[in-house]
Structure formats: structure tokens, C-alpha cells
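Have the structure open while you go through them.

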Amino acid sequence: MSTAPEPADEPAFDTGDLLAAYAVADRDRPHLRVNFISSIDGAATHDGLSGALNNAADKQVFDTLRRLCDVVIVGAGTVRAEGYVGMRLPEPDAAWRREHGLAEHPVFAIVSARLALDPASPVFTDAPVRPIVFTGPAAPEPQRAALAQVADVIVCEGPGSAPVTSGAGVPGGIDAHAMRRELAGRGLTQMLCEGGPHLFGTLIGADAVDEVCLTVSPVLEGGPAGRIARGGPQRTLDMRLAHVLSAGDMLFLRYQRQDA
């Protein structure tokens, strides 16, 4: 006797509703949004990976934020740890972007003070759009030359702002506001940062964050896991709650700058 296949789980959110919930009113204005997930007790990872905390509902929000952005910014350590590949969106997302006058895929921007990146990685070889690598003035010249074959390597520094670093506070970091200006100058005004904690910490220290999207996973982790922001100069930034969504026991919080 044959049986019908089990129906697929229904999405937690309506796609249109989710896009409306996370839309930015003025796409021409530079806007840096950070997206993270944490456990109830503040752990940024489970067994070293943030993806181990998520579920299908969080993946919906994650994909929505990518659909809406012009550029995805990630620290080099997170690129290696989380196994990033080419920034290629699924066809439904690419089609939606075409219909709304956006490039099919966002640009991938990697922040790396030491340039410990492999030019033969799928991050570069499978990229549908030429990636950008932001580095500092102390980056090794041979690595700059090698990566320049597969990406736009930008030595990004400027006075008066806290440096963005990847890894444990590498000297010769990248100026956060200079990075924002470079991206905005390329027409990449809608910026999505997906981590990691060192990059987020230094973005906070530079007062370069406009919005935080935080998924709270309904688990307690304990143990040695770090929090979502680590390092960088201490700075307190007041934020306002823009919305709270829920799917089962998981919460999706959207915070924006008080002056946004």
C-alpha cells in the first residue's frame, strides 16, 4: 500500500509580512544593520557555531535580511568558522530582487586585518559578484596582491574613529566609518553585518551601528561560549525597540538607534 508524502512544514511567517516588517524606509540613506542569534543566557554559539542555535523560522528572517541588503559584511574569522561560500542567493530571492530593481545578489564584504584568507576559497571562486576585502595598512603586501586577483582589496583607514578588527584585536585595524563611506560610495547603502563578535564589538565602539536584529533561541547554554559582541572600546548606545516577532518559543527582536 502506498502512502502520500508528509506535507512540508508551513513557514513560520508570511514572506510579504516579513519583508514589510524589516524594510528600511529610505534605502538611499546609509544604514548598517547587524544580525545575530543568542541563547537565553547570552551565548552566541553552541559547540562553537551560531547556526547550531537556529531553526527554520530564524532561517526565514536570516534570508529576508539578505534579500533586503546591498552588501553582507562578515569578519574573516566568522567566514572560516561558519563555512561561508559564495554569496549566492536562492533563485526566488534573486528573482524578488530583480523585480524590485536590486542586483540579483548582494556583494560580500570581508573584514580581515591579517588577510588570512585563501584566494582559492569558494567565497571567491563561487562568488556571483566580485567580493570586497577590507583590510588595514599593516596587512601583508603579498596577501594583498594575491587576494586582489579575486576581490577588491580596500586598505581602509581614517582618523577619529575606533578601528574594526577581525580576530583578537589585530593591530592596524580598519576604520568603521571609512568602511561605511566606501560602501555607500559604491551605492551599497543597505549594509548587513552577520558577525562575528569581534567585528560587532568594534562597530559598537565606533558608534557605527544603526540597527540590531537579535534572535533569542529558547535554550540555556552555559559553558564557555562568548557573547555576541566582544572586544573593542566600551561604549553605551541607547536603542529603541522597533518590533518583537515570535515563532513558537523563539523571539525576533529589532532594535534601532534612538535617532533613526
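The points below go from the overall fold to a few spots in the chain.

1. First, the ground rules. This is a predicted model, in which local features need pLDDT of at least 70 and side-chain atom pairs count only at pLDDT 80 or more, while totals for chains, interfaces and linings use all residues. Residues are numbered from 1 along each chain as its sequence is written, and side-chain values use heavy atoms, with hydrogens and water left out.

2. The overall picture: the protein chain has eight helices and eleven strands. These are DSSP runs numbered from the N terminus (helices are H or I with at least four residues, strands are E with at least two). Among contacts with a separation of 6 or more, 69% are between residues 24 or more positions apart; a contact is heavy atoms within 4.5 Å.

3. Now the rings. Three aromatic pairs turn up in a search of the whole structure. Rings of Phe, Tyr and Trp (its six-membered ring) pair if their centres lie within 6.5 Å; planes under 30 degrees apart are stacked, over 60 edge-to-face, and the rest tilted. One of the pairs is phenylalanine 13 with phenylalanine 252, edge-to-face at 5.5 Å centre to centre and 80 degrees between the planes. Phenylalanine 13 sits in the segment before helix H1 (15-22) and phenylalanine 252 in strand E11 (residues 250-257), so this pair ties together parts 239 residues apart in sequence. Phenylalanine 13 counts as buried at 13% relative accessibility, and phenylalanine 252 is buried at 1%.

4. Another pair is phenylalanine 36 with phenylalanine 200: the centres are 5.2 Å apart and the planes at 20 degrees, so the pair is stacked.

5. Helix H2 (residues 56-68) is worth a look. Its 13 residues reach 19 Å from first C-alpha to last, close to the 18 Å expected, the expected span being 1.5 Å times one less than the number of residues. Its buried residues include Ala57, Val61, Leu65 and Leu68, and also Asp58, Arg66 and Arg67. At the start of H2, a side-chain oxygen of asparagine 55 comes within 3.1 Å of the backbone nitrogen of alanine 57.

6. What does H2 touch on the H4 side? Asp63, Arg66, Arg67 and Leu68 of H2 meet Pro92, Asp93, Trp96 and Arg97 of H4.

7. Threonine 135 is in strand E4 (residues 132-135). Threonine 135 is buried, with a relative accessible area of 0%. Leaving aside neighbours within four places in sequence, its contacts include Ser112, Leu115, Val153, Cys156 and Ile174.

8. Which side chain makes a polar contact with arginine 257? Aspartate 207 does, at 2.8 Å. A polar contact is a pair of N or O atoms within 3.5 Å; within protein, one must be able to donate a hydrogen and the other to accept it, and residues adjacent in sequence count only if both atoms are side-chain atoms. The backbone oxygen of valine 209 also lies 3.2 Å from a polar side-chain atom of arginine 257. Arginine 257 is in strand E11 and is buried, at 18% relative accessible area.

Terms used
Buried < 20%, exposed > 50% of the residue type's maximum accessible area, 1.4 Å probe, protein only.
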